[in-house]
Amino acid sequence: MIVAFQGETGAYSEEAAFQFFGSSIQVKPCESVDDVFRAVEEDKTQFGIVPIENSLEGIINRSYDLLLDSNLRICGETELRVVHCLIANLGIRLDSLKRVYSHPQALGQCQVFLRHLNRELIPAYDTAGSVKMIKEKGITDGAAIASARAAEIYGMQILARGIEDHPNNFTRFFILARQDSPPSGNDKTSIVFSIKHRPGALSEFLKTLILRNINVTKIESRPTRQKPWEYNYYLDFEGHHEDKIVHEALESLKKTSLFLKVLGSYPRAK
């Protein structure tokens, strides 16, 4: 089994893949989330894993936009506790640092620590990739924010541990495949839809689910990219699209929405 993930070896996405599938899988590092989708679409890997939201920084916009355009299905989800570390080359002191490198999401999750540190912040495409970069370039006045596992993999030292703003720092990941999962009895379904731009339209849409006692767990809006100030809505709710009550609700919603796409049904994260 091969699983594509965004980032370098030691990235949080790779850790989430091992958490979901187990340690025996093979992994395929990809430079971008787009490349993860492409790897599964082109049958280079059986699965992909992408971050979808963080409990401190919110949604990952690019993942949502690609779900809209892709034919891939969500077949699983997992939630990873993210513990950030400040990592530097061996022998480097904290007071010698001038710059801190990491993915923008990681920088955003450590704002309190970084304000106190008061160094130049340089966004990078990946957390573990930042560690790899300062290692390979022999940077002595910079550090990276990444996982303790990344520090171990690249033989680096940890200058500070647990530097995220809040201990409840979790990232939720979607597992991607060419088909979703069969009903497990404890499932969620994700959809994307658009509705007429008129008063009460969203309320009426949600009422279809409420009347069937279907619990909505999340809703997000993203620009349609077609007309200014018009939006697609991403919705997660409990149940599987093959469940009778969910199937009936979806058939009803398709009739009242301008557009509706089922992104996948999958077991809830443990």
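This is a predicted model: local features need pLDDT of at least 70, side-chain atom pairs count only at pLDDT 80 or more; totals for chains, interfaces and linings use all residues.
## Cysteines

The model contains 0 disulfides. For Cys30, the closest cysteine sulfur belongs to Cys75 and is 16 Å from the sulfur of Cys30, which is too far for a bond. A disulfide would need the two sulfur atoms within 2.5 Å. Cys30 counts as buried, because its relative accessibility is 7%, under the 20% limit.

Cys110 is likewise in no disulfide. The nearest cysteine sulfur to that of Cys110 is in Cys85, 9.4 Å away. Cys110 is buried, with a relative accessible area of 0%.

## Aromatic pairs

There are 6 aromatic pairs in the structure. One of them joins Phe20 and Phe21, whose ring centres are 4.8 Å apart. The planes of these two rings stand at 75 degrees, so the pair is edge-to-face; the cut-off for that class is over 60 degrees.

Phe20 and Phe21 also belong to a cluster linked by ring pairs, together with Phe47. Phe20 is partly exposed, at 35% relative accessible area.

Helix α6 spans residues 127-136. Its buried residues are Thr127, Ala128, Gly129, Ser130, Val131 and Ile134. The elements that cover these buried residues include the helices α1 (12-21), α4 (104-109) and α7 (148-153). Strands β6 (85-88), β7 (99-102) and β9 (142-146) are also among the covering elements.

At the start of α6, Asp126 places a side-chain oxygen within 3.4 Å of the backbone nitrogen of Ala128. After the helix comes Gly138, which has a positive phi, near 65 degrees.

## Ser147 in the loop between β9 and α7

Ser147 is located in the loop that lies between β9 and α7. Ser147 counts as buried, at 3% relative accessibility.

Leaving aside residues up to four places away in sequence, Ser147 touches Gly10, Tyr12, Glu15, Val83, Cys85 and Ile87. Tyr12 is 135 residues from Ser147 in sequence, yet the two C-alpha atoms are 7.2 Å apart in space.

## The four-stranded sheet

An open sheet of 4 strands is arranged in the order β13-β14-β12-β15, and its pairing is antiparallel. The edges are formed by β13 (216-223) and β15 (259-267). Each of these edge strands has a single partner strand, so one side of each has no neighbour in the sheet. On average, neighbouring strands of this sheet are turned by 15 degrees against each other, direction ignored.

Strands of a sheet pair through backbone hydrogen bonds. Here, β13 and strand β14 (residues 231-238) run antiparallel and are joined by 7 bridges. Lys218 has Asp236 in β14 as its bridge partner.

## Helices across the sheet

Two helices lie across strands of this sheet. Helix α8 (residues 201-210) lies across β12 (187-194), β13, β14 and β15. The direction of α8 is at about 20 degrees to β14.

Helix α9 (residues 244-256) lies across β12, β14 and β15. The angle between α9 and β15 is about 160 degrees.

Conventions
Residues are numbered from 1 along each chain as its sequence is written. Side-chain values use heavy atoms; hydrogens and water are left out. Buried means under 20% relative accessible area, exposed over 50%, partly exposed in between (1.4 Å probe, protein chains only). Rings of Phe, Tyr and Trp (its six-membered ring) pair if their centres lie within 6.5 Å; planes under 30 degrees apart count as stacked, over 60 as edge-to-face and the rest as tilted. Contact means heavy atoms within 4.5 Å. A polar contact is a pair of N or O atoms within 3.5 Å; within protein, one must be able to donate a hydrogen and the other to accept it, and residues adjacent in sequence count only if both atoms are side-chain atoms. Two strands pair if DSSP finds at least two bridges between them. Axes are lines fitted to C-alpha atoms, for helices over the stretch in contact, and angles run from 0 to 180 degrees between N-to-C directions.
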